[in-house]
Protein chains: 2
Amino acid sequence: MASNLDIVDDADGFPYEDPKSQGLYLFRVAGLSTTLGYVLPSVSRLLSDFPGWHVDQEEQTIVLESGQTVEERSAAIRKTILAMCEKECFSILRGWRDETFPVFGPDHEVVLHIERCACPLFGVVTYGVHIIAYTPAPADGDMMKIWVSRRARSKQTFGGMLDSTAAGGVASGETPWNTVLHECDEEASLPPDLVRRDAKSVGAITNFYVRDQRSGGEVGLLQPECQYVYELPVPLDLVCKPNDNEVESFELLAVSEIMAALSRREFKPNSGLVMLDFLIRHGVVTSENEKDYLNIITRLHRPLDFPLR
Amino acid sequence: MASNLDIVDDADGFPYEDPKSQGLYLFRVAGLSTTLGYVLPSVSRLLSDFPGWHVDQEEQTIVLESGQTVEERSAAIRKTILAMCEKECFSILRGWRDETFPVFGPDHEVVLHIERCACPLFGVVTYGVHIIAYTPAPADGDMMKIWVSRRARSKQTFGGMLDSTAAGGVASGETPWNTVLHECDEEASLPPDLVRRDAKSVGAITNFYVRDQRSGGEVGLLQPECQYVYELPVPLDLVCKPNDNEVESFELLAVSEIMAALSRREFKPNSGLVMLDFLIRHGVVTSENEKDYLNIITRLHRPLDFPLR
């Protein structure tokens, strides 16, 4: 049985240590001194064979030297990724979606866009939204319940695992709120008017995931993440239904069932964090019943040593 | 006009850097390798003149060598503090309350107890609770309002500043929940039955405060803090009233008034963080209207490099 702190470790396995002392390379672009991601030595070695990249062994940096604008940098990195696809360098690139994620600089400006499935090769921060729909505790003393989705077994990442009611990445050009509206409809058939009126922004969680067997692709790739979290109280007669082939089914679970599923590690790692954060915010997990309460809360909001959106 | 990020900086001014490179000494006790606090060089020099203390200049540690049990260590540190009082070493010690705070070790065990007003000399983590009572948004479209207290001008720390509805330190032998029950009655005359039934644990914030003019006593002393946060929805006809001489008055403020008071820096520093955290949790401050949203959220839950309660 996993403890709540184990659940955090599962999704936040990157050590709280200097990345250079871990042998990692700092991903930068020419003309900007900020580190945008961490790159494994094996990936860095490969990248240095492609035009436009410069590895400095002493500084432990891997710098994209091609391009001076967002468009030029994005095109250069796309070219590299396509060339790596062709050479079948990484199985993770088989997940090509032709959808990009933005990477931000120190003033929240976009520095470049990277194909979604390639982000863990460069160790850049990715952004997502998670929505938790729940039925508030009725006056008759019954408890709140939470709508949980089961991911399609065919999904390339975390197939068959439990997930938030709806979730998705914030793609280039999108805002968190637009992504919420889109995913609530697409993944859970939630009425757009209800979502627009009652979905509430309640915070964010951050974690630094080290990819493992469950995520598919190469093990050990680095994935710092931010999830914008939203809550949606729904009426008792509302039923969440899959609206695409990403979700297999929905279940309305009691808090005790959520906690049991967490301890069996049934949740997708970062969705487990979102669930823990929900249970803390709603007074279910407290300092009275969780000995690692404060450690868990700081871990759920881990500082990431990169510029954030 | 202070930004929300300025409000965070006010309460969380300790640099995210190695304490040793900042010239600080690591406070430890004999037989335990964990650092329990950070000590200014000036304080460390003074402490080394008292019996039972050993300074290692090379390791930059200041170690309490007297005592092998909680009681012995607490007695030894009390003796030192009383001797410093007598010599009038620090004006901060004029705030002597004869109330202690516990300091925790790596397994959440108490290592020693320290007189409350002396904690910033040793830079140990202190724990408090903050309760925010609010009137939920009624169905007529009106907005939620928040009960805010104004601290007595006579208070030695942060006199006259705005504060949460009720707040207080979690003293030795107390739990956060008992402190909530106690402070809600003592500071705001909130009915104990209402608090017991409706107050909800909703999380915690952490910050590392560097003491300044507003806090009274020596400037620059170090104060890492954890605040357990509770919310209490109250009926529209409830009125918060001072019940002791710590609070001057109460006001029921609209969200817009809270934000204006924050930007005028009217809130006690850590209470400003609690208020920001509340506004984030209730969908008032969001990624759409706050450009530093993610930075603020990670800062509000800063990791503290000490064992936590």
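Student: How many salt bridges are there between chain B and chain A?
Tutor: A salt bridge is a side-chain nitrogen of Lys or Arg within 4 Å of a carboxyl oxygen of Asp or Glu. Between chain B and chain A the count is zero. Please note that this is a predicted model, in which local features need pLDDT of at least 70 and side-chain atom pairs count only at pLDDT 80 or more, while totals for chains, interfaces and linings use all residues. Residues are numbered from 1 along each chain as its sequence is written, chains are lettered from A and ligands numbered from 1 in the order in which they are written, and side-chain values use heavy atoms, with hydrogens and water left out.

Student: How many residue pairs are in polar contact between chain B and chain A?
Tutor: A polar contact is a pair of N or O atoms within 3.5 Å; within protein, one must be able to donate a hydrogen and the other to accept it, and residues adjacent in sequence count only if both atoms are side-chain atoms. Between chain B and chain A there are twelve such residue pairs, both residues at pLDDT 80 or more.

Student: Which elements of chain B supply the side that touches chain A?
Tutor: Helices (H or I, at least four residues) and strands (E, at least two) are DSSP runs, numbered from the N terminus. At least two residues each come from α5 (176–188), β11 (200–210), β12 (222–233), α8 (269–281) and α9 (293–299) of chain B. The element that gives the most to this side is β11(B), with six residues. By type, the residues of the side of chain B that touches chain A are 15 nonpolar, twelve polar and seven charged. Here Ala, Val, Leu, Ile, Met, Phe, Trp, Tyr, Cys and Pro count as nonpolar, Asp, Glu, Lys and Arg as charged, and the others, Gly among them, as polar.

Student: How many residues are in contact, and what area do chain B and chain A bury between them?
Tutor: Contact means heavy atoms within 4.5 Å. By that criterion, 34 residues of chain B are in contact with 34 residues of chain A. Buried area is the accessible area (1.4 Å probe) that two parts lose on being put together, summed over both. For chain B and chain A this is about 2,600 Å², with 63% of it on carbon and sulfur atoms.

Student: Is Arg281(B) buried or exposed?
Tutor: Buried means under 20% relative accessible area, exposed over 50%, and partly exposed in between (1.4 Å probe, protein chains only). Arg281(B) counts as buried because its relative accessibility is 7%. This residue lies in helix α8 of chain B, and its side chain makes a polar contact of 2.7 Å with that of Glu231(B). Not counting residues up to four places away in sequence, Arg281(B) touches several residues, including Lys200(A), Ser201(A) and Arg281(A).

Student: With which residue does Arg299(A) form a salt bridge?
Tutor: The partner of Arg299(A) is Asp12(A), and the closest N and O atoms are 2.8 Å apart. The pair links distant parts of the chain, 287 residues apart: Arg299(A) is in helix α9 of chain A, and Asp12(A) is in the loop between α1 (4–11) and β1 (25–29) of chain A. Arg299(A) counts as buried at 17% relative accessibility, and Asp12(A) counts as buried at 2%.

Student: Where does Asp98(B) lie, and what is its phi?
Tutor: Asp98(B) is in the loop between α3 (70–86) and β5 (100–104) of chain B. Its phi is near 55°, a positive value in a residue other than glycine. Asp98(B) is exposed, with a relative accessible area of 54%.
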